[in-house]
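Please brief me on this structure in plain terms.

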Amino acid sequence: MSIYYLTRFLSHPITSKTPKISNLRYTTSSLPDELYTRLQKNQSNTEKALNSIKAKLDSKCVNEVMDKCSLNNSQIGLRFFVWAGNQSNYRHSDFMYSKACRLFKIKQNPKVVLDLIEVFRSDKCAVTVKTIKVLLNLCKQCSLADEALVVLRKMPEFGLRADAVAYNTVIRLFCEKGDMDVAQKLMGEMGLIDLYSDMITYISMIKGFCDIGRVEEACGLLKEMRNRGCVPNVVAYSTILDGLCKFGSVEKALELLGAMEKEGGNCSPNVLTYTSVIQSLCEKGRAIDAFAVLDRMEAYGCPPNRVTVSTFLKGLCMEGHVEEAYKLIDRVVMGGSISYGECYSSLVVCLIRIKNVEEAEKLLRKMLVSGHKPDGLACSLMIKALCFNKRVLDGYHLHDEIEKIGLLSTMDSDICSILLAGLCQEGNSVEAVKLARSMLQKKISIKHPYVNKVLHHLKKLGDEELVTELATIGR
């Protein structure tokens with residue numbers, strides 16, 4: 001470096017790197033305390049006091065402040081929650097809305113939401129559309145339709161105009177409540193103030209009508225949607241399809257399914273759509289007719305999933321068509337969308353639930369021999385069924401076999417407790433001790449109803465150490 005540049009470097013004043021105090025932000029740990037202090041000292045001018053703190057909020061901070069407020073001043077806590085929801089750098093999650101409702105007991109005392117609006121008025125607070133939406137979301141979280149409507153009606157008093165989002169929130173609440181007359185009135189009101197019903201509005205209305213059995217009115221909304229340039233999608237069609245299956249006729253549901261297939265695009269039926277129709281047929285004792293729906297499903301290029309197959313198998317078994325159930329499994333496995341292991345596991349469960357334990361056991365043992373792995377539910381229900389049919393030793397050997405070949409472990413507390421209690425009751429002491437030691441090794445505790453019976457039996461065998469160790473698990 002030349003003498004000239006060295007001289008300039010040394011002569012240049014060294015400035016401090018310490019930032020000014022005014023530029024410092026609050027740390028995450030100190031910010032909640034500062035916010036809470038401001039809330040306590042400024043209960044009549046809350047929002048202004050909070051706005052003077054320039055800090056970036058996060059859910060941890062908001063959560064901590066709410067916890068503090070819930071101990072002694074719920075209204076201030078709720079007011080803070082609404083203020084936080086207004087900040088541009090932060091947005092409440094569904095979890096936070098749920099927690100606020102729980103902490104401030106809004107569902108038990110919904111009047112607190114309306115009282116807060118009156119506080120805003122008396123304190124001459126600046127209320128924005130965002131403020132109203134936070135209040136509406138609190139009502140939504142607690143299913144408070146009437147209170148949400150009052151909040152909506154209060155907007156003009158603060159010089160605010162409701163938008164489609166606000167209306168949709170209130171409409172949905174009345175649809176869920178089953179009060180479709182109010183929901184219809186609100187939907188009509190939107191048009192009077194140049195707000196247009198969108199897909200969210202129509203789906204809420206369609207579902208609301210279908211839920212209370214007014215399916216014809218739901219169908220009428222499909223035509224209205226088209227006339228207003230809002231093209232129905234698969235959700236709208238599927239919702240009506242569910243309504244027809246539940247309250248109408250399967251034939252009309254099949255007609256609508258055909259219309260969806262013909263229209264295609266956004267209206268194309270999916271696996272849930274077809275499964276809904278299959279379920280409806282099964283519930284009406286027409287499981288064999290569901291094969292025609294499966295034909296259409298496969299022809300449309302929509303392969304069934306495990307839920308579809310389980311639903312179908314349940315219907316066939318309930319009607320005594322076990323042979324047809326096996327044919328169904330062969331067919332869907334050939335299609336390549338689901339395995340024998342998944343299908344057979346579902347069939348084992350269905351057979352047990354119709355009390356055909358013999359066929360279920362035969363199938364499960366066939367699976368074990370052929371290498372088709374049964375799932376945990378099938379194994380657990382099978383072992384329980386054997387125990388309840390006074391075949392505890394068979395249940396124990398099946399459990400042992402499943403464990404040895406490395407399948408998904410069925411060693412849970414419920415199964416082991418039933419097995420252990422049964423082995424003790426039947427006097428199978430060798431197997432009982434072996435199972436008890438296995439439970440100890442895997443830290444599996446005995447379920448409460450079986451504890452005394454099991455420990456009493458093992459104590460009679462003289463193994464005090466085993467009894468002591470078993471008694472301490474789960475404490």
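H372 sits in the loop that joins α21 (357-370) to α22 (376-388); helices (H or I, at least four residues) and strands (E, at least two) are DSSP runs, numbered from the N terminus. This is a predicted model, in which local features need pLDDT of at least 70, side-chain atom pairs count only at pLDDT 80 or more, and totals for chains, interfaces and linings use all residues. Residues are numbered from 1 along each chain as its sequence is written, and side-chain values use heavy atoms, with hydrogens and water left out.

**H372 and its surroundings**

- H372 has a relative accessible area of 27%, so H372 counts as partly exposed; buried means under 20% relative accessible area, exposed over 50%, and partly exposed in between (1.4 Å probe, protein chains only).
- Apart from neighbours within four places in sequence, H372 is in contact with Y340, G341, Y344 and M367, where contact means heavy atoms within 4.5 Å.
- F247 and H372 are 125 residues apart in sequence, and their C-alpha atoms are 40 Å apart in space.

**Helix α21**

- The 14 residues of α21 reach 20 Å from the first C-alpha to the last, close to the 20 Å expected at 1.5 Å a residue; the expected span is 1.5 Å times one less than the number of residues.
- The buried residues in α21 are V357, E359, A360, E361, L363, L364, M367 and L368.
- An α-helix has 3.6 residues a turn, so residues three or four places apart point the same way.
- The buried residues of α21 pack against α19 (322-335), α20 (340-353), α22 and α23 (392-404).
- After α21 comes G371, with a positive phi near 90°.

**Nonpolar core**

- The largest nonpolar core has 163 residues, and L35 and F80 have the most contacts inside it.
- Such a core is a set of buried Ala, Val, Leu, Ile, Met, Phe, Trp, Tyr and Cys residues joined through side-chain atoms within 4.5 Å.
- Leaving aside neighbours within four places in sequence, F80 is in contact with L35, L39, L50, V62, V65 and M66.

**Largest pocket**

- The largest pocket holds about 580 Å³ of space.
- Of the 20 residues that line the largest pocket, R91, Y97, K133, N137 and K140 are the closest to its centre.
- On a 1 Å grid over the protein atoms alone, a pocket is an open set of points where a 1.4 Å probe fits, with protein on both sides within 12 Å along at least five of seven lines; lining residues have an atom within 4 Å of a point.
- Grid points are joined across faces, edges and corners, and a volume is the space filled by probe spheres set on the points.
- At least two lining residues come from each of α6 (94-103), α8 (129-141) and α10 (164-177), and α8 gives the largest share, seven residues.
- The lining has seven nonpolar, seven polar and six charged residues; Ala, Val, Leu, Ile, Met, Phe, Trp, Tyr, Cys and Pro count as nonpolar, Asp, Glu, Lys and Arg as charged, and the others, Gly among them, as polar.

**Other single residues**

- S276 belongs to helix α16 (residues 271-283) and counts as buried because its relative accessibility is 14%.
- D194, in the loop between α11 (180-192) and α12 (199-211), is not a glycine but has a positive phi of about 60°.
- D194 is exposed because its relative accessible area is 59%.
- K390 lies in the loop between α22 and α23, and its phi is positive, near 60°.
- The relative accessibility of K390 is 73%, so K390 counts as exposed.
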